[in-house]
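Q: Could you walk me through this one? I'd like to go through it piece by piece.
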Amino acid sequence: MRTVTVSESGICAAYEVYAFGAGEPHITFTAGVHGNEVSGIYVAQQLIGYFQKNPPLRGTVKIIPTVNATAMRCMQRRSPFDKEDLNRIFPGNEAGSLSHRLAASVYAETADAEILVDLHCCGQHGMPYILSIYNESEAARGLVERITMPVAVHSEGTPGQLFTESCRKRGQAACIIELPSGAGSGAVNLPVANQCYEALLDLLRTEGVVAGNIQGEAPRFYGPLKDTDAPKAGLWRPQVEKGMRVERGQCIGTVEEAAVYTPESGLVMNIVPCGYIFADDLWVMTYVQPAQ
Ligand SMILES: [Zn+2]
């Protein structure tokens, strides 16, 4: 393990890099780009534990388990120093504020990866999914097909993210995996984290890095995430659960006794639990539709 440090005006940000094996392929895992997304950090640490006991059969595995360590210590998404969202400013800037310098350093540290998987979290009530620009990048599609989690979602491709920049500017096979968090700040969703860990071992098996047969199944491909808003504020009571298929026009819950209908058929990825919603945020459900 080595520690990489970047600094600006006397303030430092440091991250640890674990590397196992040698030669090609080069496979890199990053986590903790958003400091409060700890289910991803947990998975990265499990992979480090695995390779400390079982060195790669071939190739190089590099793992950066906590990219944004200061944000992680504050258990918040953004840097406590300059308030930047690290996953909007790649490829970074060596002369910028601390987060921009950190982004530039991590971008350089991941430059040699043929495969780059960035582990994130999608809130407590969501389904896990792989996020990629698979329609834009054949390399990304080829990667996602080999990660044995059930759902692969197409990203809107917002620039400045580590995976979008890596796909577009460097031709790398890159994606994000979004994992639900546990209940409460700093909590890990263990069942989902373990499912992701197993899926990443499957990915590594396809490259001959890890021994054994593929355990899981290839994902189903879906289009981008779509949101459903309630028509008004008030007490929301859901009538569907995440992971369910809903049909167009189906009642998905009620607000103040008024039914809320889904505008399209799809797979429920995230549903707001029973509680009060307000006029500035009427979102109650996120869903996806199978890819064409
Ligand atoms: Zn994130």
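Q: How is the chain divided into domains?
A: In this predicted model, the chain is divided into domain 1, covering 2–221, and domain 2, covering 226–288.

Q: And how far apart do the C-alpha centres of the two domains lie?
A: The C-alpha centres of domain 1 and domain 2 lie 30 Å apart, and the contact between these domains takes six residues from domain 1 and eight residues from domain 2.

Q: On the side of domain 1 that touches domain 2, what sort of residues are those?
A: The residues on that side of domain 1 divide into three nonpolar and three polar, with no charged residues.

Q: Switching to helix 5, which of its residues are buried?
A: Helix 5 spans residues 162–170, and its buried residues are L162, F163, T164, E165, S166 and C167.

Q: What do they pack against?
A: The buried residues of helix 5 pack against strand 3, strand 5 (115–121), strand 6 (129–132), helix 4 (138–144) and strand 8 (173–179).

Q: What follows helix 5?
A: Helix 5 is followed by G171, a residue whose phi is positive, near 65°.

Q: Now E24, where does that lie?
A: E24 lies in the loop between strand 2 (11–22) and strand 3 (26–31).

Q: Is E24 buried or exposed, and why?
A: E24 counts as exposed because it has 11 C-beta neighbours inside 10 Å, and the cut-off for exposed is 12 or fewer.

Q: How far is E24 from E207?
A: E24 and E207 are 183 residues apart in sequence, while in space their C-alpha atoms are 9.8 Å apart.

Key:
Residues are numbered from 1 along each chain as its sequence is written. This is a predicted model: local features need pLDDT of at least 70, side-chain atom pairs count only at pLDDT 80 or more; totals for chains, interfaces and linings use all residues. Helices (H or I, at least four residues) and strands (E, at least two) are DSSP runs, numbered from the N terminus. A residue is buried if 20 or more other C-beta atoms lie within 10 Å of its own, exposed if 12 or fewer, and partly exposed in between; C-beta atoms are placed from the backbone. Domain bounds come from an automatic or database domain assignment. Two residues are in contact if their C-beta atoms, placed from the backbone, lie within 7 Å. Ala, Val, Leu, Ile, Met, Phe, Trp, Tyr, Cys and Pro count as nonpolar, Asp, Glu, Lys and Arg as charged, and the others, Gly among them, as polar.
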